[in-house]
Amino acid sequence: MPHIGSLPKDCRNCGSRELYATEVSAGGGYAPNYLPGLGTFWRSARFTVVVCRGCGETRFFASVKAISKLDEGKKWRKL
Ligand SMILES: [Zn+2]
């Protein structure tokens, strides 16, 4: 898990500390691609998804590898 140490420890919505995390594809192919240009040719970028057991709030975190590609190409503009 590339996010150890940087994922939230408690829920910003309800304050619960019962958070669960998993890693999923950010889409592509037949599904919408939520992290375009940040994966590889053969594999979409990955999200770590964090769900709160207390209230269900769900947060998505792009993988470190995906973040490292933000400056490549023209898909993303800095705000
Ligand atoms: Zn919550």
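Contact here means that the C-beta atoms of two residues, placed from the backbone, lie within 7 Å. Leucine 70 is located in the segment after H1. It counts as partly exposed, because it has 15 C-beta neighbours inside 10 Å. For that term, a residue is buried if 20 or more other C-beta atoms lie within 10 Å of its own, exposed if 12 or fewer, and partly exposed in between, with C-beta atoms placed from the backbone. Leucine 70 is also 35 residues along the chain from leucine 35, and their C-alpha atoms are separated by 9.5 Å.

Some remarks on the model itself. It is a predicted model, in which local features need pLDDT of at least 70 and side-chain atom pairs count only at pLDDT 80 or more, while totals for chains, interfaces and linings use all residues. Residues are numbered from 1 along each chain as its sequence is written. The confidence score, pLDDT, is the predictor's confidence in each residue and runs from 0 to 100. The protein averages a pLDDT of 89, and 94% of the residues score at least 70. Among the elements, helix H1 (residues 64-67) has the lowest mean pLDDT, 89, whereas E3 has the highest, 95. Where pLDDT is low, the predicted coordinates should not be read in detail.

I turn to the overall architecture. The protein has one helix and three strands, and from the N terminus on these elements run β-β-β-α. Helices (H or I, at least four residues) and strands (E, at least two) are DSSP runs, numbered from the N terminus. The C-alpha trace spans about 40 × 25 × 25 Å along its principal axes. Of the 79 residues, 16% count as buried. Among contacts with a separation of 6 or more, 54% are between residues 24 or more positions apart.

Let us follow the pairing in detail. Two strands pair if DSSP finds at least two bridges between them. E1 and strand E2 (residues 46-52) pair in the antiparallel sense over seven bridges; glutamate 23 has threonine 48 in E2 as its bridge partner. E2 and E3 are likewise antiparallel, over five bridges. Across this second pairing, phenylalanine 47 stands opposite alanine 62 in E3, and the bridge partner of valine 51 is threonine 58. The hairpin of E2 and E3 has five residues between the strands, and glycine 56 takes a positive phi near 90° there.

Which residues make up the largest nonpolar core? There are six: Ala26, Leu35, Leu38, Ala45, Phe47 and Ala62. A nonpolar core is a set of buried Ala, Val, Leu, Ile, Met, Phe, Trp, Tyr and Cys residues joined through C-beta atoms within 7 Å. Leucine 35 touches Ala26, Ala45, Ala62 and Ala66, again not counting residues up to four places away in sequence.

Glycine 15 is found in the segment before E1. It is exposed, because 10 other C-beta atoms lie within 10 Å. Glycine 15 and cysteine 52 are 37 residues apart in sequence and 9.2 Å apart in space, C-alpha to C-alpha.

Alanine 31 lies in the loop between E1 and E2. Is alanine 31 buried or exposed? Alanine 31 is exposed, because there are 10 other C-beta atoms within 10 Å. Alanine 31 and valine 64 are 33 residues apart in sequence and 22 Å apart in space, C-alpha to C-alpha.

Lysine 65 is found in helix H1. Lysine 65 is partly exposed, because it has 13 other C-beta atoms within 10 Å. Between lysine 65 and proline 32 there are 33 residues of sequence separation and 20 Å in space, C-alpha to C-alpha.
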